[in-house]
Amino acid sequence: MKKISLTTQIAIALILAIIAGVLLEGQPDFVNTYIKPFGIIFMNLLRFIVVPLVMFSIMAGILSMNDISKVGKLGLRALVFFMCTTVIAVTLGLVVPSLIKNFLPIIKISTDISAHTVDVPEFSLMDQIVDMFPHNIMVAMSNMTMIQIIVIAVFFGVAMVHVGEKGEMARKVTLSFNEVVTKILSYIMALAPYGVFCMLTPVVVANGPSVLGSYAVLIGLDYFCFFAHALLVYSPLVYFLGRLSPVKFFKGMQSAMLFAFSSDSSVATLPYTMKCTEKLGVKKDIGSFVLSLGATINMDGVAIYLGVTSVFMAHCCGIDLTAQQYFAIAFASTLASIGTPGIPGGSLALMAMVFASANIPVECVAIAAGIDRIVDMGRTVMSITGDASCAVVMERLSGGKS
């Protein structure tokens, strides 16, 4: 196994999971009892290491820079990059299905659902800003509220630089813990192929070989937009701003993209993304900072998904979206993608808010949930690829030669 690359091992695990899922389709109890638990254990290991990984890698990255102005400049550039690509992503997700909506098949939706409205929490930009700042460090860690963890790490990292010699002990402890966490991470990464197999087999068993079903067109639309965004947005950015061949970039990201597809968790994929970008020439301090930030606020895949699903469900409900509704969807989707948890199914919690912003029946979320797991695989790949493209560009803008 050591002679086979991680990418190949994960690809083999994917194929074996599909075969095993088809063969064991009539044995869901066996799969859920004896196979799925090992997948859960693997995901638990990844989740347990993510918080210390993000915290210590960001603090170590700040400490290695030593120049606070550099941290601020890098963070601002990354934020601008993420916001621009997210706006493009949601625009693409709205335009493509709108151009062909008259040719789209309609999923039958009950007239009761179409007429019924429910109260949903108000989607407030200020609430998003307030939620960035934790009131309790332990609560932020236990809930894996990544944006708050990043804020905590930045405060500690900046403070250690500012106090100088008095913070030398804290600096050494931080860098030491960062090495320990990295070593633990290598142990967990060695289990990736087995974890992938155990996570995917139950999914195939539950959905059957005809996993796409009647949602094939909606799934196809999502994946077409994902591919178009990668080709038309990430490739030029990597080539012109990062001075890196798109072919080399996507080839270097294969193992992370495969793991993202199988785990559908951008947070869990973070360790793999860091390893891949390092091999592409991104320095560890820049990569750890940008990728940790991106895993929290850069969800281009979610932005595309929310746009496509909103137009599709509106079409099914017989709603002819106005310019104001398109703008409302775009605005809400952009903010929702920033606040989406980087875990499987995280986007469903915010889809209701996006639908409500355009007066699309909120109950349509339940219909979209039927394919969420399948589309989640692709949109997670998009999100981590966007993070990596930003890291490559930031490395170049910082004077590197990636």
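1. The side chains of Lys101 and Asp320 are joined by a salt bridge, at 3.2 Å from N to O. A salt bridge here is a side-chain nitrogen of Lys or Arg within 4 Å of a carboxyl oxygen of Asp or Glu. Lys101 sits in the loop between helix H4 (68-99) and helix H5 (111-115), and Asp320 in the loop between H16 and helix H17 (323-339), so the pair ties together parts 219 residues apart in sequence. Asp320 is exposed, at 59% relative accessible area (buried is under 20%, exposed over 50%, partly exposed in between, with a 1.4 Å probe and protein chains only).

2. On the basis of the note: this is a predicted model, where local features need pLDDT of at least 70 and side-chain atom pairs count only at pLDDT 80 or more, while totals for chains, interfaces and linings use all residues. Residues are numbered from 1 along each chain as its sequence is written, and side-chain values use heavy atoms, with hydrogens and water left out.

3. The whole structure holds 3 salt bridges. Another of them pairs Lys283 with Glu395, whose closest N and O atoms are 2.9 Å apart. Lys283 is in the loop between helix H14 (266-279) and helix H15 (284-297), and Glu395 is in helix H20 (residues 372-397), so this pair ties together parts that are 112 residues apart in sequence. Lys283 is partly exposed at 45% relative accessibility, whereas Glu395 is buried at 1%. Helices are DSSP runs (H or I, at least four residues), numbered from the N terminus.

4. Arg379 and Asp376 also form a salt bridge, with 3.1 Å between the closest N and O atoms. The two are 3 residues apart in helix H20, which means that about one helical turn separates them. Both Arg379 and Asp376 are buried.

5. There are 2 cavities of 30 Å³ or more. On a 1 Å grid over the protein atoms alone, a cavity is a set of points where a 1.4 Å probe fits but cannot get out; a pocket is an open set with protein on both sides within 12 Å along at least five of seven lines; lining residues have an atom within 4 Å of a point. The second largest cavity has about 30 Å³ of space, the volume being that filled by probe spheres set on the points, which are joined across faces, edges and corners. Its lining consists of Lys101, Val311, Ala314, His315, Ile319, Leu321 and Tyr326. Helix H16 (residues 300-316) contributes the most, 3 residues.

6. The second largest pocket holds about 380 Å³ of space. Of its 21 lining residues, Lys36, Met199, Pro202, Val203 and Arg373 lie nearest the centre. Helix H2 (28-34), helix H3 (36-65), helix H10 (192-207) and helix H13 (254-263) each give at least two residues to this lining, and H10 has the largest share with 7.

7. Met126, Ile129, Phe133, Ile137, Met138, Phe155 and Phe156 make a nonpolar surface patch of about 720 Å². Helix H6 (125-131), helix H7 (137-142) and helix H8 (146-163) each give two or more residues to the patch. Patch residues have over 30% relative accessible area and no salt bridge, with like charges joined within 9 Å and nonpolar side chains (Val, Leu, Ile, Met, Phe, Trp, Tyr) within 5 Å; accessible areas come from the Shrake-Rupley method with a 1.4 Å probe, and for residues only the protein chains shown count as cover. Phe155, in helix H8, counts as exposed at 54% relative accessibility.
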